[in-house]
Amino acid sequence: MKIEKTLHSRIQKMDFNNIIFGNQYSDHMFCSEFKNGKWIHSIIKPFGNIMFSPISLVFHYGQAVFEGMKAYKDRNEEVFLFRPEENFKRMNKSAFRLEMPAIPENIFMNGLKKLIDIDRNWIPKHYGQSLYIRPFLIATNGVLSAKPSEDYMFMIISTPADTYYKHPLKIKIEEKYSRSASGGVGFTKAAGNYASSFYPTRLANEKGYDQILWTDSSTHTMIEESGTMNVFFYLKNKLVTPKANDNILSGITCKSIISLAEKEGFPVEERNLSVSEIIEGLKSGELKEAFGCGTAAVVNYFETISFQENDYDLPNLSEEKRISLYLKKRLLDIQHNLSEDPFGWRIRLKKYHYK
Ligand code: PLP
Ligand code: COI
């Protein structure tokens with residue numbers, strides 16, 4: 001792999017006391033091209049604009065998939081990646097569904113590790129902070145007819161991250177719009193899934209809600225996920241989360257929360273979960289907590305769930321009593337190397353020296 005280091009680092013301009021998600025990008029980026037059926041020209045180079053033909057399929061037919069993962073520092077400023085092989089696998093699952101080539105594991109992992117190593121100074125050091133890493137794959141050629149591209153570009157960029165949501169969330173159960181449909185691409189991180197959620201999310205925002213709680217597209221009676229988060233409900237003393245299916249993105253944070261909760265002895269159920277169960281639980285008080293989780297969002301609890309123009313407030317528990325915050329801490333402690341890692345999720349990043 002070729003490495004071209006920047007001669008003009010922007011790190012001095014980065015205000016680590018005021019981190020705004022996605023506002024500043026680390027000094028370098030990784031690129032690898034797919035041409036004539038082969039992956040060629042892997043390179044780490046200064047972050048900068050890229051140029052493609054206007055007929056590239058990514059611009060017309062949305063042949064694009066991405067991932068989201070994080071690097072964390074511990075107290076000694078050692079750097080750790082969290083379950084990167086899960087992102088690698090999911091990226092290729094998304095690529096397969098969008099008729100894109102698989103990225104070889106060595107290209108993904110070497111590119112990722114070297115890039116984050118070179119840009120390790122961009123990883124904020126405080127608890128809960130991290131470097132958000134965005135691998136993505138786009139179609140870079142085409143002939144304007146609607147068929148898959150022959151050429152692709154795989155890239156990785158990164159941005160310093162702090163808390164994504166600064167407050168508990170107000171969520172609206174959506175009964176009109178859908179994020180995904182059975183047989184579609186909801187289980188992938190296809191770029192278009194996000195574009196199509198912007199309009200209904202804006203409508204919800206205008207009514208004072210932070211996010212939408214998506215329901216199944218055919219009946220709108222089953223809970224799926226919320227924004228960029230999988231969801232959990234502490235209902236009748238069990239942690240219930242909708243079982244991942246082809247409408248739901250199977251989250252790495254969600255899987256980690258399930259493993260942690262089970263290890264801590266909380267009963268967990270991954271199953272189909274109806275809107276009416278949630279509404280009954282809100283009315284009866286048997287729904288004690290509800291929260292979303294994801295790489296960017298980490299864990300965020302909901303304070304209000306709205307259904308058919310009625311707002312239901314969740315119990316106003318103190319922070320110490322919240323399962324969501326307890327599990328969040330367990331997760332962050334592992335990510336920041338502050339506790340044992342019984343699951344082997346942390347990968348320590350070696351330091352290489354590059355010319
Ligand atoms: N659901 C959607 C739609 C997402 O965009 C994300 C974020 O990546 C998640 C769930 C959570 O997935 P993960 O925990 O792997 O980040
Ligand atoms: C993530 O949590 O990795 C996401 O994909 C959220 C992102 C769309 C901001």
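This is a predicted model: local features need pLDDT of at least 70, side-chain atom pairs count only at pLDDT 80 or more; totals for chains, interfaces and linings use all residues.

Mentor: Residues are numbered from 1 along each chain as its sequence is written, and side-chain values use heavy atoms, with hydrogens and water left out.

Trainee: How many aromatic pairs does the structure hold?

Mentor: Rings of Phe, Tyr and Trp (its six-membered ring) pair if their centres lie within 6.5 Å; planes under 30 degrees apart are stacked, over 60 edge-to-face, and the rest tilted. The structure holds 15 such pairs. The ring centres of F266 and Y326 are 6.1 Å apart with planes at 75°, so this pair is edge-to-face. It links distant parts of the chain, 60 residues apart: F266 is in the loop between α5 (252–263) and β14 (268–271), and Y326 in helix α7 (residues 323–335). Helices (H or I, at least four residues) and strands (E, at least two) are DSSP runs, numbered from the N terminus.

Trainee: Which residues do ring pairs link into a cluster?

Mentor: F21, Y132, Y164 and Y165 are joined in this way.

Trainee: Which charged end sits over the ring of Y301?

Mentor: The criterion is NZ of Lys or CZ of Arg within 6 Å of the ring centre and within 35 degrees of the ring normal. R322 meets it over Y301, 3.6 Å from the ring centre.

Trainee: Is Y326 buried, partly exposed or exposed?

Mentor: Buried means under 20% relative accessible area, exposed over 50%, partly exposed in between (1.4 Å probe, protein chains only). Y326, at 33%, is therefore partly exposed.

Terms used. Chains are lettered from A and ligands numbered from 1 in the order in which they are written.
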